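I opened the notebook to look up a handful of places in one chain. The entries follow in the order I took them.

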Amino acid sequence: MEQAEKRDIRQLSLEQLTEYFVQIGDKAFRAKQVYEWLWKKSAKDFDQMTNISLSTREKLKSEFTINHIAVDQMQRSGDGTIKNAVKLYDGMIVESVLIPTEKRITACISSQVGCSLDCNFCATARLKRMRNLNADEIYDQVVAIKDQSEQFFNRPLTNIVFMGMGEPLLNYANVLESIEKITKPDGLGMSPKRITLSTVGIPKMIKKLADDEVKFNLAVSLHSAINDTRSAVMPINEKSPLEELGDALKYWYYKTKSKVTYEYVVWRGINDKEKDVDALVKFCKIIPSKVNLIEYNPIDDGEFQQASEDALNLYVSKLEAAGIVAKVRRSRGKDIDAACGQLANKS
(Lines give C-alpha, C1' and ligand atoms only; values in the text may rest on other atoms or scores of the structure.)
Protein backbone atom coordinates (compact mmCIF):
# COMPACT_ATOMS: atom_id res chain seq x y z
CA MET A 1 0.00 0.00 0.00
CA GLU A 2 2.83 2.38 0.85
CA GLN A 3 3.97 2.51 -2.80
CA ALA A 4 0.52 3.56 -4.01
CA GLU A 5 0.54 6.55 -1.66
CA LYS A 6 3.80 7.91 -3.00
CA ARG A 7 3.51 10.69 -5.52
CA ASP A 8 5.21 10.41 -8.90
CA ILE A 9 7.85 13.12 -8.61
CA ARG A 10 7.79 13.76 -12.35
CA GLN A 11 4.24 15.09 -12.06
CA LEU A 12 5.71 18.11 -10.23
CA SER A 13 6.82 21.23 -12.07
CA LEU A 14 10.10 22.92 -11.21
CA GLU A 15 8.13 25.50 -9.24
CA GLN A 16 6.35 22.79 -7.23
CA LEU A 17 9.65 21.03 -6.56
CA THR A 18 11.17 24.31 -5.37
CA GLU A 19 8.23 24.83 -3.05
CA TYR A 20 8.68 21.30 -1.67
CA PHE A 21 12.38 21.78 -0.86
CA VAL A 22 11.79 25.16 0.78
CA GLN A 23 8.99 23.60 2.86
CA ILE A 24 11.26 20.86 4.20
CA GLY A 25 13.91 23.43 5.07
CA ASP A 26 16.29 22.61 2.21
CA LYS A 27 17.87 25.01 -0.30
CA ALA A 28 15.70 26.17 -3.23
CA PHE A 29 18.44 25.26 -5.74
CA ARG A 30 18.05 21.58 -4.75
CA ALA A 31 14.89 21.53 -6.89
CA LYS A 32 16.88 22.48 -9.98
CA GLN A 33 19.40 19.69 -9.29
CA VAL A 34 16.65 17.08 -8.94
CA TYR A 35 14.79 18.44 -11.99
CA GLU A 36 17.97 18.12 -14.04
CA TRP A 37 18.42 14.50 -12.92
CA LEU A 38 14.82 13.71 -13.89
CA TRP A 39 14.59 15.42 -17.28
CA LYS A 40 18.12 16.06 -18.58
CA LYS A 41 19.87 12.95 -17.26
CA SER A 42 16.75 10.74 -17.33
CA ALA A 43 17.38 9.27 -13.87
CA LYS A 44 15.35 6.15 -13.13
CA ASP A 45 15.86 6.16 -9.38
CA PHE A 46 16.93 8.54 -6.64
CA ASP A 47 20.20 6.71 -5.95
CA GLN A 48 21.53 7.95 -9.30
CA MET A 49 21.33 11.54 -8.03
CA THR A 50 24.91 11.56 -6.73
CA ASN A 51 25.17 15.30 -6.03
CA ILE A 52 22.20 15.08 -3.63
CA SER A 53 23.00 14.10 -0.03
CA LEU A 54 22.12 10.57 1.05
CA SER A 55 19.67 11.84 3.69
CA THR A 56 17.82 13.96 1.10
CA ARG A 57 17.69 11.04 -1.31
CA GLU A 58 16.25 8.82 1.43
CA LYS A 59 13.60 11.45 2.16
CA LEU A 60 12.71 11.66 -1.54
CA LYS A 61 12.47 7.86 -1.68
CA SER A 62 10.10 7.80 1.28
CA GLU A 63 7.71 10.35 -0.27
CA PHE A 64 8.04 9.95 -4.03
CA THR A 65 8.42 7.40 -6.78
CA ILE A 66 9.69 7.64 -10.37
CA ASN A 67 7.16 5.74 -12.50
CA HIS A 68 9.53 5.04 -15.37
CA ILE A 69 8.67 2.64 -18.19
CA ALA A 70 10.42 -0.67 -18.80
CA VAL A 71 11.14 -2.22 -22.19
CA ASP A 72 9.34 -5.49 -21.59
CA GLN A 73 10.24 -7.08 -24.89
CA MET A 74 12.46 -5.99 -27.77
CA GLN A 75 12.25 -7.42 -31.28
CA ARG A 76 14.81 -6.73 -34.01
CA SER A 77 13.89 -6.83 -37.67
CA GLY A 78 16.08 -8.06 -40.50
CA ASP A 79 16.31 -4.43 -41.71
CA GLY A 80 17.54 -3.15 -38.33
CA THR A 81 14.21 -1.83 -37.09
CA ILE A 82 13.61 -2.39 -33.37
CA LYS A 83 10.13 -2.75 -31.87
CA ASN A 84 9.71 -2.29 -28.13
CA ALA A 85 6.83 -3.57 -26.06
CA VAL A 86 6.88 -0.93 -23.34
CA LYS A 87 5.45 -1.77 -19.92
CA LEU A 88 3.94 1.20 -18.06
CA TYR A 89 3.86 1.57 -14.27
CA ASP A 90 0.32 0.11 -14.11
CA GLY A 91 1.24 -2.96 -16.18
CA MET A 92 -0.33 -1.73 -19.43
CA ILE A 93 1.67 -2.10 -22.64
CA VAL A 94 2.28 0.22 -25.60
CA GLU A 95 4.67 -0.16 -28.50
CA SER A 96 7.40 2.10 -29.82
CA VAL A 97 9.72 1.62 -32.78
CA LEU A 98 13.29 2.59 -33.66
CA ILE A 99 13.64 3.06 -37.43
CA PRO A 100 17.21 3.28 -38.75
CA THR A 101 18.17 4.59 -42.19
CA GLU A 102 21.54 5.69 -43.54
CA LYS A 103 21.02 9.34 -42.63
CA ARG A 104 18.76 9.25 -39.59
CA ILE A 105 17.43 7.26 -36.69
CA THR A 106 13.78 7.89 -35.94
CA ALA A 107 11.78 7.10 -32.83
CA CYS A 108 8.13 6.28 -33.52
CA ILE A 109 6.29 7.00 -30.27
CA SER A 110 2.87 6.10 -28.85
CA SER A 111 0.66 8.65 -27.08
CA GLN A 112 -2.27 6.48 -25.91
CA VAL A 113 -2.85 2.90 -24.78
CA GLY A 114 -4.99 1.74 -27.71
CA CYS A 115 -6.98 4.15 -29.87
CA SER A 116 -10.56 5.38 -30.10
CA LEU A 117 -10.72 6.36 -33.77
CA ASP A 118 -11.75 3.13 -35.53
CA CYS A 119 -9.77 3.64 -38.75
CA ASN A 120 -10.67 0.46 -40.59
CA PHE A 121 -7.23 -0.27 -42.03
CA CYS A 122 -5.23 0.05 -38.80
CA ALA A 123 -4.49 -2.74 -36.31
CA THR A 124 -4.12 -0.30 -33.40
CA ALA A 125 -7.67 0.91 -33.99
CA ARG A 126 -8.94 -2.57 -33.14
CA LEU A 127 -7.73 -2.07 -29.58
CA LYS A 128 -10.05 -0.01 -27.43
CA ARG A 129 -8.53 3.11 -25.93
CA MET A 130 -7.59 2.35 -22.34
CA ARG A 131 -6.02 5.63 -21.29
CA ASN A 132 -3.81 8.54 -22.25
CA LEU A 133 -0.09 8.34 -21.62
CA ASN A 134 1.42 10.80 -19.16
CA ALA A 135 4.07 13.22 -20.41
CA ASP A 136 6.81 11.25 -18.61
CA GLU A 137 5.70 7.97 -20.25
CA ILE A 138 6.00 9.58 -23.68
CA TYR A 139 9.38 11.09 -22.78
CA ASP A 140 10.61 7.71 -21.48
CA GLN A 141 9.90 6.04 -24.83
CA VAL A 142 12.18 8.60 -26.50
CA VAL A 143 14.92 8.03 -23.89
CA ALA A 144 14.71 4.23 -24.38
CA ILE A 145 15.11 4.57 -28.15
CA LYS A 146 17.86 7.18 -27.74
CA ASP A 147 19.76 4.63 -25.60
CA GLN A 148 19.14 1.82 -28.13
CA SER A 149 20.32 4.08 -30.94
CA GLU A 150 23.62 4.64 -29.18
CA GLN A 151 23.94 1.02 -28.04
CA PHE A 152 23.11 -0.79 -31.30
CA PHE A 153 24.04 1.77 -33.97
CA ASN A 154 26.60 3.99 -32.23
CA ARG A 155 24.64 6.97 -33.56
CA PRO A 156 22.42 9.60 -31.93
CA LEU A 157 18.66 9.66 -32.22
CA THR A 158 17.86 12.29 -34.88
CA ASN A 159 14.07 12.37 -35.31
CA ILE A 160 10.85 11.68 -33.41
CA VAL A 161 7.46 10.95 -34.93
CA PHE A 162 4.23 10.72 -32.97
CA MET A 163 2.93 7.97 -35.24
CA GLY A 164 2.68 5.08 -32.80
CA MET A 165 -0.42 3.95 -30.96
CA GLY A 166 -3.16 6.51 -30.32
CA GLU A 167 -4.20 9.95 -31.60
CA PRO A 168 -1.82 12.58 -30.17
CA LEU A 169 -4.33 15.43 -30.41
CA LEU A 170 -6.74 13.54 -28.13
CA ASN A 171 -4.01 13.61 -25.47
CA TYR A 172 -3.13 17.21 -26.18
CA ALA A 173 -1.78 18.51 -22.84
CA ASN A 174 0.43 15.50 -22.11
CA VAL A 175 1.81 15.34 -25.66
CA LEU A 176 2.75 19.02 -25.63
CA GLU A 177 4.28 18.74 -22.19
CA SER A 178 6.34 15.74 -23.31
CA ILE A 179 7.59 17.67 -26.36
CA GLU A 180 8.58 20.51 -24.05
CA LYS A 181 10.62 18.08 -21.91
CA ILE A 182 12.23 16.61 -25.03
CA THR A 183 13.13 19.97 -26.60
CA LYS A 184 13.96 22.34 -23.72
CA PRO A 185 17.62 22.91 -22.77
CA ASP A 186 16.85 21.60 -19.26
CA GLY A 187 15.43 18.45 -20.87
CA LEU A 188 16.82 16.41 -23.78
CA GLY A 189 17.53 19.54 -25.85
CA MET A 190 16.34 18.15 -29.21
CA SER A 191 15.22 20.56 -31.92
CA PRO A 192 11.41 20.77 -32.33
CA LYS A 193 12.06 20.79 -36.10
CA ARG A 194 13.08 17.14 -35.74
CA ILE A 195 9.69 16.21 -34.27
CA THR A 196 6.59 15.43 -36.31
CA LEU A 197 3.14 15.02 -34.80
CA SER A 198 0.83 12.91 -36.96
CA THR A 199 -2.93 13.27 -36.61
CA VAL A 200 -6.04 11.95 -38.34
CA GLY A 201 -6.96 15.64 -38.65
CA ILE A 202 -9.11 17.07 -35.84
CA PRO A 203 -9.82 20.64 -37.03
CA LYS A 204 -10.42 22.22 -33.63
CA MET A 205 -7.17 20.78 -32.23
CA ILE A 206 -5.12 21.73 -35.31
CA LYS A 207 -6.26 25.32 -34.75
CA LYS A 208 -5.26 25.03 -31.09
CA LEU A 209 -1.78 23.86 -32.15
CA ALA A 210 -1.55 26.94 -34.35
CA ASP A 211 -2.71 29.25 -31.54
CA ASP A 212 -0.13 27.67 -29.22
CA GLU A 213 2.53 28.54 -31.82
CA VAL A 214 4.15 25.12 -31.75
CA LYS A 215 7.48 24.76 -33.54
CA PHE A 216 7.28 21.07 -34.46
CA ASN A 217 6.05 19.63 -37.78
CA LEU A 218 2.50 18.54 -38.56
CA ALA A 219 1.52 15.46 -40.58
CA VAL A 220 -2.07 14.54 -41.42
CA SER A 221 -3.23 11.01 -42.24
CA LEU A 222 -5.34 11.83 -45.27
CA HIS A 223 -5.72 8.68 -47.41
CA SER A 224 -8.37 10.32 -49.61
CA ALA A 225 -9.35 13.83 -50.64
CA ILE A 226 -12.89 12.67 -51.51
CA ASN A 227 -15.27 12.83 -48.54
CA ASP A 228 -17.20 9.60 -49.21
CA THR A 229 -14.03 7.58 -49.72
CA ARG A 230 -12.28 9.06 -46.68
CA SER A 231 -15.34 8.50 -44.46
CA ALA A 232 -15.44 4.85 -45.53
CA VAL A 233 -11.88 4.23 -44.28
CA MET A 234 -11.72 6.88 -41.53
CA PRO A 235 -15.02 7.39 -39.67
CA ILE A 236 -13.66 10.61 -38.10
CA ASN A 237 -14.22 12.24 -41.50
CA GLU A 238 -17.99 12.11 -40.97
CA LYS A 239 -17.62 14.46 -37.99
CA SER A 240 -14.82 16.54 -39.50
CA PRO A 241 -15.14 16.51 -43.30
CA LEU A 242 -12.41 17.63 -45.65
CA GLU A 243 -13.80 21.18 -45.92
CA GLU A 244 -13.37 21.71 -42.16
CA LEU A 245 -9.96 20.07 -42.21
CA GLY A 246 -8.92 22.33 -45.08
CA ASP A 247 -10.03 25.43 -43.16
CA ALA A 248 -8.08 24.33 -40.08
CA LEU A 249 -4.97 23.73 -42.19
CA LYS A 250 -5.26 27.20 -43.74
CA TYR A 251 -5.37 28.60 -40.21
CA TRP A 252 -2.35 26.43 -39.25
CA TYR A 253 -0.32 27.80 -42.16
CA TYR A 254 -1.43 31.39 -41.57
CA LYS A 255 -0.22 31.20 -37.95
CA THR A 256 2.89 29.02 -38.27
CA LYS A 257 4.06 29.41 -41.90
CA SER A 258 4.89 25.70 -41.67
CA LYS A 259 3.97 23.35 -44.50
CA VAL A 260 2.06 20.18 -43.76
CA THR A 261 2.87 16.59 -44.75
CA TYR A 262 0.02 14.35 -45.91
CA GLU A 263 0.42 10.67 -45.06
CA TYR A 264 -1.38 8.74 -47.77
CA VAL A 265 -1.81 5.00 -48.34
CA VAL A 266 -2.99 3.90 -51.77
CA TRP A 267 -5.21 0.79 -51.73
CA ARG A 268 -6.33 -1.35 -54.62
CA GLY A 269 -9.89 -0.58 -55.66
CA ILE A 270 -10.39 2.09 -52.97
CA ASN A 271 -8.37 5.18 -53.88
CA ASP A 272 -6.24 4.11 -56.85
CA LYS A 273 -8.15 5.81 -59.69
CA GLU A 274 -7.30 8.99 -61.57
CA LYS A 275 -10.15 10.89 -59.86
CA ASP A 276 -8.55 10.07 -56.50
CA VAL A 277 -5.21 11.47 -57.65
CA ASP A 278 -6.82 14.63 -59.05
CA ALA A 279 -8.70 15.23 -55.78
CA LEU A 280 -5.46 14.91 -53.80
CA VAL A 281 -3.62 17.32 -56.11
CA LYS A 282 -6.41 19.86 -55.58
CA PHE A 283 -6.39 19.40 -51.79
CA CYS A 284 -2.60 19.79 -51.68
CA LYS A 285 -2.94 23.27 -53.14
CA ILE A 286 -4.88 24.57 -50.12
CA ILE A 287 -1.58 25.29 -48.35
CA PRO A 288 2.08 24.42 -49.11
CA SER A 289 2.40 20.71 -48.54
CA LYS A 290 4.21 17.50 -49.42
CA VAL A 291 2.95 13.93 -49.66
CA ASN A 292 4.31 10.68 -48.25
CA LEU A 293 2.81 7.79 -50.18
CA ILE A 294 3.03 4.91 -47.73
CA GLU A 295 3.31 1.26 -48.62
CA TYR A 296 0.40 -0.57 -47.03
CA ASN A 297 1.02 -3.35 -44.55
CA PRO A 298 -1.95 -5.72 -44.55
CA ILE A 299 -3.32 -6.59 -41.11
CA ASP A 300 -5.46 -9.46 -42.44
CA ASP A 301 -6.72 -10.78 -45.78
CA GLY A 302 -9.57 -8.28 -45.88
CA GLU A 303 -10.60 -5.48 -48.19
CA PHE A 304 -7.41 -3.42 -47.80
CA GLN A 305 -4.67 -4.50 -50.19
CA GLN A 306 -1.62 -2.66 -51.49
CA ALA A 307 -2.25 -0.84 -54.77
CA SER A 308 -0.24 -1.58 -57.91
CA GLU A 309 3.05 0.17 -58.73
CA ASP A 310 1.23 1.81 -61.68
CA ALA A 311 -1.24 3.44 -59.29
CA LEU A 312 1.61 4.73 -57.08
CA ASN A 313 3.47 6.02 -60.14
CA LEU A 314 0.34 7.86 -61.30
CA TYR A 315 0.16 9.63 -57.94
CA VAL A 316 3.84 10.56 -58.02
CA SER A 317 3.80 11.85 -61.61
CA LYS A 318 0.64 13.94 -61.20
CA LEU A 319 1.72 15.41 -57.86
CA GLU A 320 5.18 16.28 -59.19
CA ALA A 321 3.68 17.80 -62.33
CA ALA A 322 1.68 20.08 -60.02
CA GLY A 323 4.86 21.10 -58.18
CA ILE A 324 4.11 19.02 -55.06
CA VAL A 325 6.91 16.96 -53.50
CA ALA A 326 5.82 13.31 -53.32
CA LYS A 327 7.84 10.44 -51.87
CA VAL A 328 7.00 6.75 -51.75
CA ARG A 329 7.84 5.45 -48.28
CA ARG A 330 8.71 1.77 -48.20
CA SER A 331 7.80 0.23 -44.89
CA ARG A 332 10.40 -1.08 -42.50
CA GLY A 333 10.02 -3.63 -39.74
CA LYS A 334 7.24 -5.57 -41.49
CA ASP A 335 8.66 -8.92 -40.38
CA ILE A 336 8.08 -7.97 -36.72
CA ASP A 337 4.74 -6.17 -37.22
CA ALA A 338 6.44 -2.83 -36.56
CA ALA A 339 5.42 -1.06 -39.76
CA CYS A 340 2.77 1.65 -40.16
CA GLY A 341 -0.65 0.50 -39.00
CA GLN A 342 0.61 -2.79 -37.55
CA LEU A 343 1.14 -1.85 -33.88
CA ALA A 344 -1.34 -3.97 -31.97
CA ASN A 345 0.46 -5.39 -28.95
CA LYS A 346 0.84 -8.81 -30.56
CA SER A 347 4.17 -9.05 -28.81
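Helices and strands are DSSP runs, at least four residues of H or I for a helix and at least two of E for a strand, numbered from the N terminus. I am working on a predicted model.

**Entry: the chain overall**

I counted elements before anything else. The chain has 12 helices and 14 strands. I then checked burial: 53% of the 347 residues are buried. I also looked at how far contacts reach along the sequence. Of the contacts between residues at least 6 apart, 65% join residues at least 24 apart.

I stayed with Glu213. Its phi is near 50 degrees, a positive value in a residue other than glycine. Most residues other than glycine have a negative phi, so I made a note of it. Glu213 counts as exposed because its relative accessibility is 52%, and the cut-off is over 50%.

I found another such residue in Lys257, with a positive phi of about 55 degrees although it is not a glycine. Lys257 sits in the loop between α10 and β12 (260-265). Its relative accessible area is 53%, so Lys257 is exposed.

**Entry: α7 against α10**

How do the axes of α7 and α10 cross? The axes of α7 (residues 203-211) and α10 (residues 242-256) come within 9 Å and cross at roughly 5 degrees. Angles under 35 degrees count as roughly parallel, so α7 and α10 are roughly parallel to each other.

I listed the contact residues next. From α7 come Pro203, Ile206, Lys207, Leu209, Ala210 and Asp211. From α10 come Glu244, Leu245, Ala248, Leu249, Tyr251, Trp252, Lys255 and Thr256. I sorted the residues of this contact by type: nine are nonpolar, one is polar and four are charged.

**Entry: helix α3**

Is α3 mostly covered or mostly open? Helix α3 (residues 29-39) is mostly covered, with eight of its 11 residues buried. I wrote the buried ones down: Arg30, Ala31, Gln33, Val34, Tyr35, Trp37, Leu38 and Trp39. I then asked what covers them. The cover includes α2 (14-23), α4 (54-63), α5 (135-153) and α6 (172-183).

I picked out Gln33, which is found in α3. Its side chain makes a polar contact of 2.8 Å with the side chain of Arg30. Residues three or four places apart in an α-helix point the same way, because the helix has 3.6 residues a turn. Leaving aside neighbours within four places in sequence, I found Gln33 in contact with Asn51 and Ile52.

**Entry: Phe46**

I moved on to the loop between α3 and α4, where Phe46 is found. Phe46 counts as buried because its relative accessibility is 5%, and the cut-off is under 20%. Beyond four places in sequence, Phe46 is in contact with Ile9, Arg57, Leu60, Lys61, Phe64, Thr65 and Ile66. I also took one distance. Phe46 and Thr56 are 10 residues apart in sequence and 9.5 Å apart in space, C-alpha to C-alpha.

**Entry: annotated sites**

I checked the UniProt record, an unreviewed entry. The record gives "active site" at Glu95 and Cys340. I located Glu95 in strand β5 (residues 93-100). Glu95 is buried, with a relative accessible area of 0%.

The record places a "binding site" at Cys115, Cys119 and Cys122. I found Cys115 in the loop between β7 (112-113) and β8 (131-132). At 11% relative accessibility, Cys115 counts as buried.

A further "binding site" annotation in the record covers Gly166, Glu167, Ser198, Ser221, Leu222, His223 and Asn297. I looked up two of these residues.

Ser221 is in strand β11 (residues 217-221). Ser221 is buried at a relative accessible area of 15%. Residues up to four places away aside, Ser221 touches Ser198, Thr199, Val200, Arg230, Met234 and Glu263.

Leu222 is in the loop between β11 and α8 (227-233). Leu222 is buried at 0% relative accessible area.

Technical notes: Residues numbered from 1 in each chain as written. Predicted model: local features only at pLDDT ≥ 70, side-chain atom pairs only at ≥ 80, totals over all residues. Heavy atoms only, no water. Buried < 20%, exposed > 50% of the residue type's maximum accessible area, 1.4 Å probe, protein only. Contact = heavy atoms within 4.5 Å. UniProt positions renumbered as here; feature names shortened; annotations may be inferred. Polar contact = N/O pair within 3.5 Å; in protein donor to acceptor, adjacent residues only side chain to side chain. Axes fitted to C-alpha atoms, helices over the stretch in contact; angles between N-to-C directions. Parallel < 35°, antiparallel > 145°, perpendicular 65-115°, else oblique. Nonpolar A, V, L, I, M, F, W, Y, C, P; charged D, E, K, R; others polar.
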